[in-house]
Amino acid sequence: MARKKRKNKQGVCGNKKPLQVRNTTAKRRTPRRGGVPVDNAPPPIESLKQVNTNAAGIDIAANVHFVAVPKDRDAENAVRSFGAFTADLEAIADWLTECRIETIAMESTGVYWIPLFEVLERRGFDVILVEPSQIKKFRRKTDVLDCQWIQTLHTFGLLTGSFRPDDQIIVLRSYMRQREMLVKCAAQHIQHMQKAMEQMNLKLTEVVSDILGATGTAIIDAILEGERNPHRLAKLRNEKCKNDEATIALALQGNWRDEHLFSLHQAVDLYRYYHQKIVEVDAQIEAYMRQFEDKSGGEPLAKPPRSKQRSKTTNEPKFDTRTLLYEVLGVDLTSIDGIGAHSALQIVSEIGTNVDAFPTEKHFVSWLSLCPEANKSGGKKQKKGKSPTHRSSNRVAQVFRVCAQTLIQSKCALGAFGRRLRGRDGAASAITAIARKLAIIVYTMVKTGRPYKDVGSDVYNSRFQDKLVASLRRRAIELGYDLQPTLSV
């Protein structure tokens, strides 16, 4: 039996789409038979000028560095390889000085570039760190060709350096990243505690919200001290715990195997050891931040509103982070909705106390990868949803996204903005948009020193409604109509 031809939505048989009638009254495109000049077309390769005539390129590895200089500086050995010891790094700086080099571009992965970068910067060279993605598309992969190609691209000014704050912020950033590593290590041992208790069939994680809270800590300490009676352990329940003693006692009937108790004991010891090290890092951070210049001008820091007054969590520094940041910056970043004292400290430790490296707020959000990629084809922008943000592991962007997630249900203007976008584009796009606005607010406050004040969700909704009505009225006038508000009954 022959198969029936499927019909499309218009009822036409076959696979071909039906012809569509074009609107002949629509505006015709401008004829281009003679060609239309393009103002922003890039210059041809022949017209490129050497921007950095005294440039060098370095390819960094773990145990060897390849350095390339212009051929007229060292006709016999324009490319040399050096070791990675400190004496070799000084030799690189000496040779570049002899070759009259002024600016250097280096490519590296990991942290191998940091010692050489600091040596060259200390010797007075203008050094930039280049992401491998800028040059890997146009090269043949060998170390010698790499350094030569880096030197060539840098000579013509085709490379851009990665952002690196000043030395004072680099020290603070190192402390904060060390602290972040310790927090992650401590979190792993929480999982080890949960695993050991599950192997003993102790369902503590099911009856308390946090096994390291008041109830969980008291019960675990009693278990490690030798208590095995579930009813006695349940009596250690904190009064704020949601489950009653009977439920907790049922969850604490386990098999109490020695090997799992030993694992639990070690996990608790390691968790507390890492938190002791975190306290040491916090003391170092507090002492170092007091060495910064005081930009508060002697003005006292206002108390936070009640909505922002909360106790510090386990992983937050215990010193007065908010006051120290106010003295360092001269503005209170915690006045921004969604940004707490610890989040503000993370942001400052990465971008520094000024944003002079970014000419405008657009450059800043572009570095954070919080703005859509330019996606044009055929002279037109692609459809909505075709221009996602660039994938990035930027630490500051991650902080802004986490802060943005807390604002979706808030009553501030940013919360109202996020809820409007969530209904239109989804939660992911809304969080990115809120994170971008947070970044712009932080950039403006740090650059201008002006405080931030939230107008509230009601004012934001009212302003958005006024803009929407004005847009509808303008379109109605263009079509020959007029809008009039309805009379309320």
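Lys-235 is exposed, at 58% relative accessibility. Exposed means over 50% relative accessible area, buried means under 20%, and partly exposed lies in between (1.4 Å probe, protein chains only). Areas come from the Shrake-Rupley method. This is a predicted model, in which local features need pLDDT of at least 70, side-chain atom pairs count only at pLDDT 80 or more, and totals for chains, interfaces and linings use all residues. Residues are numbered from 1 along each chain as its sequence is written, and side-chain values use heavy atoms, with hydrogens and water left out.

Which residue forms a salt bridge with Lys-235? Glu-245 does, and the closest N and O atoms are 4.0 Å apart. A salt bridge here is a side-chain nitrogen of Lys or Arg within 4 Å of a carboxyl oxygen of Asp or Glu. Lys-235 sits in the loop between helix H7 (230-234) and H8, while Glu-245 belongs to helix H8 (residues 245-251), ten residues away. Helices are DSSP runs (H or I, at least four residues), numbered from the N terminus. Glu-245 is partly exposed, with a relative accessible area of 36%.

The whole structure holds 19 salt bridges. One of them joins the side chains of Asp-74 and Arg-80, at 3.0 Å from N to O. Asp-74 is buried, at 14% relative accessibility. Arg-80 is partly exposed, at 30%.

Now turn to helix H2. Glu-118 pairs with Arg-164 in a salt bridge, with 3.8 Å between the closest N and O atoms. Glu-118 lies in helix H2 and Arg-164 in the loop between helix H3 (143-155) and helix H4 (167-199), so this pair ties together parts that are 46 residues apart in sequence. Glu-118 is partly exposed, with a relative accessible area of 35%. A network of salt bridges links Glu-90, Asp-94, Arg-122 and Arg-123.

Glu-121 is also found in helix H2 (residues 113-122). With Asp-126, Asp-166 and Asp-167, Glu-121 gathers in a patch of negative charge on the surface. Patch members have over 30% relative accessible area and no salt bridge, and like charges are joined within 9 Å. Glu-121 is partly exposed, with a relative accessible area of 45%.

Is Asp-356 buried or exposed? Asp-356 counts as exposed, at 64% relative accessibility. Asp-356 and Tyr-443 are 87 residues apart in sequence, and their C-alpha atoms are 9.9 Å apart in space.

Terms used: Patches are made of residues with over 30% relative accessible area and no salt bridge: like charges are joined within 9 Å, nonpolar side chains (Val, Leu, Ile, Met, Phe, Trp, Tyr) within 5 Å. Accessible areas come from the Shrake-Rupley method with a 1.4 Å probe; for residues, only the protein chains shown count as cover. Lys and Arg count as positive and Asp and Glu as negative; His and the chain ends are not counted. The place of a charge is taken as NZ of Lys, CZ of Arg, CG of Asp or CD of Glu. Helices (H or I, at least four residues) and strands (E, at least two) are DSSP runs, numbered from the N terminus.
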